[in-house]
Every structure is written in C-alpha cells, then in structure tokens.
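Student: I have a structure open and would like to learn how to read it. Could you take me through some of its features?

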Amino acid sequence: MADKSEKRKELEARAAKQGLDYPHNIGDAKLEERVLAAEAAQGSGGQDAGGQTPPASTKPEGEPVVEVTGPKQGRRRVGHRFGPEPVLFHAGELTEDDLVALEADPLLTVVVRAADT
C-alpha cells in the first residue's frame with residue numbers, strides 16, 4: 001500500500017478535528033468536501049494545517065446542503081428517489097450513514113455545497 005500524501009494526511013487530521021467519520025476508501029476530493037462543509041458548519045474558518053484559507057470557490061459558506069443527482073431512469077437510496085433533477089438536503093436531514101451510502105453509490109452524483117441565499 002502506498003504512503004499517504006501530505007495533502008491526505010492534512011485532510012485526515014482536519015476530519016479528525018471535526019469528528020467526521022468517513023469510509024477508509026473515500027477519495028481526497030470527497031473527503032475535502034466533507035471537511036470543508038463541517039468546518040463551515042462549525043465556523044472554524046476553514047483554515048488548513050498551515051494557517052492558509054482554501055480558495056473561496058471550494059469553501060462552502062453558511063449552512064451546507066447536499067445535492068444528489070441520479071440517473072435518467074431513477075435510483076432509490078436511503079428512502080429517497082433520485083433522478084436527473086437534483087434533490088437537496090439541508091443540514092440534519094441526512095445521517096452520516098445516509099451520506100456515506102449516497103457517496104458510495106456509483107450511479108449518484110453527490111455534491112456538498114453552501115446553501116443558496
């Protein structure tokens with residue numbers, strides 16, 4: 001097994017600081033989305049280990065939402081139906097297990113982002 005990159009180690013440290021649970025095989029991009037969303041929700045300022053703030057384009061502001069899009073024919077997961085139209089979930093509407101199940105489904109596109117104002 002390859003050694004973890006410095007970026008991965010930093011993401012895992014930030015996830016631990018936020019108390020996030022995540023599958024061991026989660027990609028860096030998805031882990032970063034979760035960390036940024038948790039930091040935004042906690043108001044930690046989203047600073048990384050070096051005291052740098054990530055670019056504004058990747059840092060959700062305010063309360064995060066989860067946007068899920070499914071295939072044209074539809075797909076059911078965690079008690080919901082997902083099709084080509086995005087389905088939005090606000091903070092507290094999904095459990096951590098629900099989010100893990102949605103992100104693990106290869107037919108679903110899951111994006112954690114800032115709520116529209």
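Student: Where is F89 placed?

Tutor: This is a predicted model. In it, F89 lies in strand β4.

Student: Is F89 buried or exposed?

Tutor: The general idea is a cut-off: a residue is called buried when its relative accessible area is under 20%. F89 is buried because its relative accessibility is 4%.

Student: Which residues does F89 contact, leaving aside its neighbours within four places in sequence?

Tutor: F89 is in contact with V65, V66, V68, H80, F82 and L94. Take V66 as one case: F89 and V66 are 23 residues apart in sequence, yet their C-alpha atoms are 5.1 Å apart in space.

Student: How many bridges join β1 to β4?

Tutor: There are 4 bridges between β1 and strand β4 (residues 87-90), and the two run antiparallel.

Student: Which residues form the largest nonpolar core?

Tutor: In soluble globular proteins, nonpolar side chains tend to be buried together. Here the largest nonpolar core has 11 residues: A37, V66, V68, F82, F89, L94, L99, L102, L108, V110 and V112. At least two residues of this core come from each of β1, α3 (96-104) and β5. A second, separate core has 7 residues, among them L11, I26, V35 and A38.

Student: What does L102 touch, not counting residues up to four places away in sequence?

Tutor: L102 touches V68, R77, V78, F82, L94, L108 and V110.

Student: How should I read a helix such as α1?

Tutor: An α-helix has 3.6 residues a turn, so residues three or four places apart point the same way. Helix α1 (residues 6-18) has 13 residues and spans 19 Å from its first C-alpha to its last, close to the 18 Å expected at 1.5 Å a residue. The buried residues in α1 are R8, E10, L11, E12, R14, A15 and Q18. Just after α1, G19 has a positive phi of about 75 degrees.

Student: Which residue does E12 meet in a salt bridge?

Tutor: The side chains of E12 and K4 meet, at 2.8 Å from N to O. E12 counts as buried at 17% relative accessibility, and K4 is partly exposed with a relative accessible area of 42%. Salt bridges that share partners join K4, R8, E12 and D28 into one network.

Student: How many salt bridges are there in total?

Tutor: The count comes to 11 salt bridges. Another case is R75 with D105, whose closest N and O atoms are 2.9 Å apart. R75 is in strand β2 (residues 75-77) and D105 is in the loop between α3 and β5, 30 residues apart. D105 is buried at 5% relative accessibility, while R75 is partly exposed at 24%.

Student: What pattern does the whole chain follow?

Tutor: The protein chain has 3 helices and 5 strands. Along the sequence they follow the pattern α-α-β-β-β-β-α-β.

Technical notes. Residues are numbered from 1 along each chain as its sequence is written. This is a predicted model: local features need pLDDT of at least 70, side-chain atom pairs count only at pLDDT 80 or more; totals for chains, interfaces and linings use all residues. Side-chain values use heavy atoms; hydrogens and water are left out. Two strands pair if DSSP finds at least two bridges between them. A nonpolar core is a set of buried Ala, Val, Leu, Ile, Met, Phe, Trp, Tyr and Cys residues joined through side-chain atoms within 4.5 Å. Buried means under 20% relative accessible area, exposed over 50%, partly exposed in between (1.4 Å probe, protein chains only). Contact means heavy atoms within 4.5 Å. The expected span of a helix is 1.5 Å times one less than its number of residues. A salt bridge is a side-chain nitrogen of Lys or Arg within 4 Å of a carboxyl oxygen of Asp or Glu.
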